[in-house]
Amino acid sequence: MHDVDSFFYSAATGSGFIARDITFENWAGPTKHQAVALRVGADHAVVYKCNIIGYQDTLYVHSNRQFYRECDIYGTVDFIFGNAAVVLQNCSIYARKPMPFQKNTITAQSRKDPHQNTGISIHACRILPTQDLAVMNGSFQTYLGRPWKLHSRVVFMLSYMHDHIDPRGWLEWNGSFALDSLYYGEYMNYGAGAAVGQRVKWPGYRVITSESEASNFTVAQFIYGTLWLPSTGIAFLAGLQV
């Protein structure tokens, strides 16, 4: 499902890649299913004030250490996916209206080994619906993620969640696959979609209450950003809060 061989897309490899004030868009549309807009496998990659627009599989955070700041990211199914160590900070993440019978899933993280220091950290972002989805009044469900691989790891921290997020929060990939080995966490999010009372009861899911646990997924600790981001000139928040 995520072999990424169907459509043309922008790709970045190497080290020290920086994109700023660029729109990456895949025009394939929802009926073409997988259609990556941007694939990043560069180490110490920074994507700043960019638009990344597609439907299914929009942003492929393939590998290495990556940082996204003040970006707008649009998609439907698994639209932020891959196995990088990545922090998205101060971004707006928009779920779009999917095709009939589809469910929106924001993330599909693909960590295979519990010892890999990889995962998707969504920090101080806004989780929003596009207007065409918002007017559907809940006809399409949107979930925070589903486990593409056995040790899938995703956290949402200090982010606003609109009411388009399903109360369960997260979606199975295939039956009970990875539900006890994944790591999905939510820390001090807010908004109508952030209520955790009806969230999934999977062994691998947790509401994070410890500041020290949440701090593991900050720019400073998760991608060691204080060592390399200052040289880029891009603003960033090293810890959880100012």
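**Notes on the model**

1. N83 is buried, with a relative accessible area of 14%; here buried means under 20% relative accessible area, exposed over 50% and partly exposed in between, with a 1.4 Å probe and protein chains only. N83 belongs to the loop between strand 10 and strand 11 (85-89). Strands (E, at least two residues) and helices (H or I, at least four residues) are DSSP runs, numbered from the N terminus. Leaving aside residues up to four places away in sequence, N83 touches V61, H62, S63, Q109, S110, R111, Q116 and T118, where contact means heavy atoms within 4.5 Å.

2. The structure is a predicted model, in which local features need pLDDT of at least 70 and side-chain atom pairs count only at pLDDT 80 or more, while totals for chains, interfaces and linings use all residues. Residues are numbered from 1 along each chain as its sequence is written, and side-chain values use heavy atoms, with hydrogens and water left out.

3. The unreviewed UniProt entry places the feature "domain: Pectinesterase catalytic" at residues 11-225. UniProt positions follow the numbering used here, feature names are shortened, and annotations may be inferred rather than shown by experiment. Over residues 11-225 the chain is 37% strand and 6% helix, with 22 Å between the end C-alpha atoms.

4. D78 lies in strand 10 (residues 77-82), and D78 is buried at a relative accessible area of 0%. The side chain of D78 makes a polar contact with the side chain of T105 at 2.6 Å. A polar contact is a pair of N or O atoms within 3.5 Å; within protein, one must be able to donate a hydrogen and the other to accept it, and residues adjacent in sequence count only if both atoms are side-chain atoms.

5. Is strand 14 (residues 119-123) enclosed or open to the outside? Five of its five residues are buried, so strand 14 is largely enclosed by the rest of the structure. In a regular strand the side chains alternate between the two faces of the sheet. In strand 14, G119, S121 and H123 are buried on one side, and I120 and I122 on the other.

6. Strand 14 runs parallel to strand 11, to which five bridges join it; two strands pair if DSSP finds at least two bridges between them. V86 has I120 in strand 14 as its bridge partner. Strand 14 also pairs in the parallel sense with strand 17, over four bridges, and there the bridge partner of I122 is F156.

7. The whole structure holds 10 aromatic pairs. Rings of Phe, Tyr and Trp (its six-membered ring) pair if their centres lie within 6.5 Å; planes under 30 degrees apart count as stacked, over 60 as edge-to-face and the rest as tilted. The rings of F156 and W170 have centres 5.8 Å apart and planes at 75 degrees, so this pair is edge-to-face. The pair links distant parts of the chain, 14 residues apart: F156 is in strand 17 (residues 153-157), and W170 is in the loop between strand 18 and strand 19 (183-187). F156 is buried at 0% relative accessibility, and W170 is buried with a relative accessible area of 0%. Ring pairs link F156, W170, Y184, W202 and Y205 into a cluster.
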